[in-house]
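The following questions and answers examine selected features of a single protein model. Please consult the sequence and the coordinates while reading.

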Amino acid sequence: MKGLRVAIDGPAGAGKSTIARRVAESLGLLYVDTGAMYRGITWVALQKGIDPADAAALANLARDVHVELRPEKDGVRVWIDGQDITPFLRDPRVSRAVPAVSGVPAVRMRMMELQKDLARRGGVVMDGRDIGTAIMPDAEVKVFLTASLEERAKRRMKELRGYGHRIDPDQVGRELAERDRADAAREFSPLVKAPDARVIDTTGRDVESVVQEVLTLCRTRLPKGEE
């Protein structure tokens, strides 16, 4: 499975990062969290005082910064301009601003260049919102994860608490719903299921059962003799 390309898409909170990371570990492939890349750019923009609505300033930022994903024992970490910014990616301020930042065409094009470069190497499990449609349209395996809004809100609350953030549960649900609308309505590379993607509803399911379903799909998509 060294050259296998696995695209995992879906809305926020559907379990993409967790499932993709586990699948990559099981198959010995590189895991690429594209959402973390957009969060990284968003955090840097906020630190520099750039308005998330300032498309020109964000375009310049995306062009000038150096983004790097480094696989480590505790997962893939995001480095921008020589700084490990992984601990800041789940800041609620970043979550609120990332839809606007990631929706800027110039920002998205720059991140897509980096993602496509990683995809060309093969042997990758990549998760995001446009992986199976824009980044790896010819991936051997395409999965679209989904879950109810209530389920996704519960997961996001648990995640935020794990990072030490306190946030109102109703606010989490509203922000996820707004993120869904923004992702689907985005003119450039919106969130949409690839026609040939396997839809997996993760509502009420444990991580392991979903991981195994994806792994089974990976094995069935391999050419004979390559298992």
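Q: Is Ser189 buried or exposed in this model?
A: The model is a predicted one. Ser189 lies in the loop between helix 8 (169–185) and strand 8 (198–201). Its relative accessibility is 13%, and buried means under 20%. Ser189 therefore counts as buried.

Q: Which residues does Leu191 contact, leaving aside its neighbours within four places in sequence?
A: Leu191 is placed in the loop between helix 8 and strand 8. With a relative accessibility of 13%, Leu191 counts as buried. Its contacts, apart from those sequence neighbours, are Gly10, Pro11, Arg129, Phe144, Asp183, Ala184 and Arg186.

Q: How many Å apart in space are Leu191 and Asp130, C-alpha to C-alpha?
A: In sequence, 61 residues separate Leu191 and Asp130. In space, their C-alpha atoms are 5.7 Å apart.

Q: How do the residues of the contact of helix 7 with helix 8 divide into nonpolar, polar and charged?
A: The axes of helix 7 (residues 149–162) and helix 8 come within 9 Å and cross at roughly 120 degrees, and the crossing is right-handed. Helix 7 contributes Leu149, Arg152, Ala153, Arg156, Met157 and Leu160, while helix 8 contributes Pro169, Val172, Gly173, Leu176, Ala177 and Asp180. By class, the residues of this contact divide into 8 nonpolar, 1 polar and 3 charged.

Q: Which residue classes make up the contact of helix 2 with helix 3?
A: Helix 2 (residues 34–47) and helix 3 (residues 55–64) pack at about 115 degrees, with axes 11 Å apart, and their crossing is right-handed. On the side of helix 2, Ile41, Val44 and Ala45 take part; they meet Leu58, Leu61 and Ala62 in helix 3. The contact has no polar and no charged residues, but 6 nonpolar.

Q: Why is the pair formed by the rings of Trp43 and Phe88 described as stacked?
A: The structure holds 1 aromatic pair. The ring centres of Trp43 and Phe88 are 4.7 Å apart, and planes under 30 degrees apart count as stacked. The pair is stacked because its planes stand at 5 degrees.

Q: What separation do the C-alpha atoms of Arg77 and Ala36 have?
A: Arg77 lies in strand 4 and is buried, with a relative accessible area of 15%. Not counting residues up to four places away in sequence, Arg77 touches Glu68, Leu69, Arg70, Glu72, Asp84, Thr86 and Pro87. Although Arg77 and Ala36 are 41 residues apart along the chain, their C-alpha atoms are separated by 8.6 Å.

Q: Over the ring of which residue does the charged end of Arg70 sit?
A: The charged end of Arg70 is 3.8 Å from the centre of the ring. That ring belongs to Trp79.

Conventions: Residues numbered from 1 in each chain as written. Predicted model: local features only at pLDDT ≥ 70, side-chain atom pairs only at ≥ 80, totals over all residues. Heavy atoms only, no water. Axes fitted to C-alpha atoms, helices over the stretch in contact; angles between N-to-C directions. Helix = DSSP H or I, 4+ residues; strand = E, 2+ residues; numbered from the N terminus. Left-handed = near helix turned anticlockwise from the far one by under 90°. Contact = heavy atoms within 4.5 Å. Nonpolar A, V, L, I, M, F, W, Y, C, P; charged D, E, K, R; others polar. Phe/Tyr/Trp six-rings, centres within 6.5 Å; stacked < 30°, edge-to-face > 60°. Lys NZ or Arg CZ within 6 Å of the ring centre and 35° of its normal. Buried < 20%, exposed > 50% of the residue type's maximum accessible area, 1.4 Å probe, protein only.
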